[in-house]
Amino acid sequence: MRTHAQAVVIGGGVIGCSILYHLTKLGWRDVVLLERDELTSGSTWHAAANIHGLHDSTNISRIQHYTMNLYNGLEEETGQSCGVFQPGSLYLAQTVEREHQLRLQAAKAKLYNMNFHEVSRDEAERLHPLVNFDGIRCIMWEPDGGNVDPSGVTNAYATGARQNGAEIIRFCPVTGTEQQPDGTWIVRTPKGDIVTEWVVNAAGLWGREVAALAGIELPLQPTEHQYFVTETIAEIDALDRRLPSVADRDGEYYLRQEGKGLLVGAYEKDLRFWAEDGTPQGFGHELFADDLERIEDNMMRAIDRVPVVGEAGIKRVINGPMIWSPDSNVLFGPVPELSNYFCCNGIIPGFSQSGGMGLLAADWIVTGETRYDMFAWDMARFGDWADKAFTKARVGDQYANRFKIHFPNEERDAGRPMRKRPAYDRQQELGAVFGLNYGWEHPLWYADTPGMRDTDGFTRQNWWEPVGRECRMLRDKAGIIDISNFAKYRCKGPGAEDWLNAVFANRMPRVVGRSCLTPLIGKRGGIAGDFTVTRLDEDDFWVIGSGMAERYHKRFFKAVPLPAGTTFESHTDVMCGFNVAGPKSRDMLQRLTNTSLATEDFPFMTCRWIDLSGVRVLALRVSFTGDLGWELHCAVEDQARLFDLLIEEGRRFGAGPVGSRALMSLRVEKGYGSWSREYSPEYWPQEVGLDRLCKLDKDFLNKQAVLETLAKPARENLVLLALDAAETKASNADATGGEPIFKDGQGIGRVTSGAYGFSVGMSLALAYVKGAHPGDVVDVMVLGRPHKATILHEPPFDPKGARLRA
C-alpha cells in the first residue's frame, strides 16, 4: 500500500470510484481509494440505478447528460460492462403544474441540444402499450433514458482508475484523518497510514462518521427505501424489445422494465428513518424487512396506470438505506473551515449524476474550481444552524415529497423556524410571510392579515398583488426592508487596506466615509462574488456581501493571508439592518436624527455613524432598490427598537414594511444583478458589466485568470427584457429564472431573474444572450411556451440614476 498520495478517496461506492477515475483522467496518477468492505457496499449495490437527463436546474441537467453519455464510452475504455439499457423514458403530466414543468424542461432541452420532446398519445401507446394514458395532459419522451447495472458501473470506474495508475484497497476502514501543520493529511488505517494532499469523503452511508474523524458534522440522515420487482409478465415476455421507463411523478412512483417483469419503486408518506445516531460499522450488503403496506397507496396508483402490475406476482422486494441532505442535493465541495478536505455526500440520483459529479469533483480538486456554477450542491449552503432536528425534519419532507414540483419562490415549512431575529414577532404582527435564508427567517411579503401563507405555482400567486402594493408604496413614498440577511464583515488593523486590495478586484476607497462596489474573482476569471466596501476609518473597513454565500466566500478570504495585527471578522450574527428607500426616505429619516441627510452633506456612496432617536446605526447612502435610500446597520439587540421607530415614523409619510420579493421586483426594474443569479463564477466581468471595476494596475486574487478572460470577447451579455404585456396577462405568469430564449427559432440565451415591475407596468427579465441587441424582439419560454419580449436599451426605472443620487 502506498504511503503517500495526491488524494485519498474514502468510499468504494459508485461516487467514490467515479471521483477516483476522473482524477486520473485529469492527470493525477498517485491517488488511492480506501473501502471499508467490498466495492458497492452500502447504498450502491441495491440501487434501482435509473438514469435520466433532465432536471429543473440547467447545470444539473448538463452533468446528468454527461453521465448518460459516459457509460457506453466507459465500457469501451475499460472492457467492463456497465449493463446499460436505454429504451427511453416517458414523462407524464396529470396536472397543469406538471405540464408547465415538462414544457419548460423541453424548452431547455432544445436550447442545450438535449434529446427530450413531446409525443402524442398514439406515439406513447406505441412506445409503451401497457400504460393507460387516460387523464394525461402532456407526454414527453427522452430517448436516452433507462437504467444501468450498479455493480457494473462501479467496477467500470474502478477498472478505469486502476488502468490509469490509481490504487484501490478493499477491506481497509479509515480510523483517523489528521491534518498536519503544512496542510497535508495523515489518513490512518489498520493496514498503515497514508500522507496525502487531499482527503475526499465519499463514504456514502458512513459519510457522517468519516467526517467526524476530521471534526466535521454533516447534515445527513438515512431513510429506508423500497422497490419491488414482479414475476415475468406475459405481455413483456412476448415483446422483442425493451419497454421504456415511466416517470409518472404525479402518481408518486417510478416504474421500468427489469428482466421480463417490472420494477416499481415509491417514496411514501409513511417513511422510516434509519441509523439516526450513526450508521452501524458492520453494515454492508444487508437489507431491511419488507413492509409493502407502507407503499400500498403508491402501488395502487401504479396499478391504475399500468394494470399488468396488479396482475403479476412479486418476485422480490428491496428495502435498503439511502442517505439524504436537508434538500436532497449532494453536500459537495471543500470544507471551508479546513484545507484540502473534500466532501461528496448525500447523493440520491447517484447513477444519473455519478459521472458529472466525479468530473466536477476532479475539476475542483485539480484546478481549484468547477466548470459550472454548482452552488446548489455546495456544502457551504448549510452552516452549523442545520442541526440534527432540522436535518431530520427536512429529510422527512424531502423523502415524502420526492416527486413534488419545486416551484419558483417556493418555501417549505419543515424544520422551521430555525433562527429568528428580534424584530421577528413584530414583523409577524404586521402580516409578514417568512422565507428561509441561510437558516434565518426573513420577511418575503406582508399580507393584509397575519397568518397568511404562500400559494405555490408557475403562475402569479396570492402574493403577487400584495408585493405590487409594497413596490408602489416604496416608489411613491418610502419602504422599510429588512436587510439583516446581508453578510457583514469588519476588517481592521494596519494591513486592512492592503489585504482588501489583495482580495478584491476594485481599489479600496481611500477617503474615510466613502464606499465602493467590487467583484471577487474566481479561479477561472469569473465573478465569484460582489461586495460593497466602506472605509470607516484609516484602518477600519465595513464589507457587505451575499448572506447565503458567507460560508462559500470563506474559501476565497482564506486564500490571502491576513497581515500581522489585522483582523477580518463576520458581524452577520451580531448586526442587523434595514434599508429605508423611496422619495420620502430622507424626510422620514431626517425627523429621527440631528445629522444632516442633505445630498451635499451625505452624498451617494458615503457612510457615517449616526443616531436615530437613541439608536446608533451605521448609515450607508446606497439602496439595492435603485431609489433614494439608506442602509441602516445596528446592533442585534437594537433591531426591534429600530424597526418600531421606523414603522411609527413611516406612518406619517405613508410608508411601511416591504419584503424581499418586492426588492426583487425593484432591483430588476433597475437592471441590477444579484449573486447566484446574474453573478457567478461562470460569467466573466465584461459579460455582466463589471469589467470597469477590475483595476488591473494592482495585484488581487486570481488576477491572472481575469486577465485571460478580459482579453477575450464576451461570449454573451447581460440584458434586460420587457415581455409582451398581453401575453403575460393571458398566461398570468412572469419569467422567474431559467427560461430559454430564442430568436428566429435559434437558442440565444436564458433568463437569470424575472419579476413584474409594478412601478413601471412591465413584466421584466434579466437574461444572458448572444447575437442579440437592444431593440431586438425575442421569444422567452415562460411556462415552456414562447412569449414575445423586447431587449431594452436602458432600465425602465430612473435610467440615469437621478433619484438614486438625489
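Predicted model: local features only at pLDDT ≥ 70, side-chain atom pairs only at ≥ 80, totals over all residues.
Which residues of helix 18 are buried?

Residues are numbered from 1 along each chain as its sequence is written, and side-chain values use heavy atoms, with hydrogens and water left out.

**Stop one: the whole chain.** Show the protein chain as a cartoon, and you have 21 helices and 37 strands on screen (DSSP runs numbered from the N terminus: H or I of at least four residues for helices, E of at least two for strands). The radius of gyration is 27 Å, close to the 28 Å of the globule rule for 806 residues, so the chain is as compact as a globular protein of that length (taken over C-alpha atoms; the rule is 2.2 Å times the number of residues to the power 0.38). Of the 806 residues, 62% are buried, meaning under 20% relative accessible area with a 1.4 Å probe, protein chains only.

Next, select the eight strands that run in the order 5-6-4-13-14-15-12-16, with mixed pairing. Its edges are strand 5 (117-118) and strand 16 (314-324), each pairing on one side only; two strands pair if DSSP finds at least two bridges between them. Now zoom in on strand 12 (residues 221-230) and strand 15 (residues 261-266), which are antiparallel over four bridges.

**Stop three: a hairpin.** Select strand 9 (residues 176-179) with strand 10 (residues 185-189), an antiparallel pair with four bridges. Thr177 faces Val187 of strand 10 across the pairing. Five residues lie between the two strands of this hairpin, where Gly183 has a positive phi near 95°.

**Stop four: helix 18.** Finally, select residues 660-669: nine of the 10 residues in helix 18 are buried, so this helix is largely enclosed by the rest of the structure. Here is the reply to our opening question: Arg661, Ala662, Leu663, Met664, Ser665, Leu666, Arg667, Val668 and Glu669 are the buried ones. Step just past the end of helix 18 to Gly671, whose phi is positive, at about 75°.

Methods
Buried < 20%, exposed > 50% of the residue type's maximum accessible area, 1.4 Å probe, protein only.
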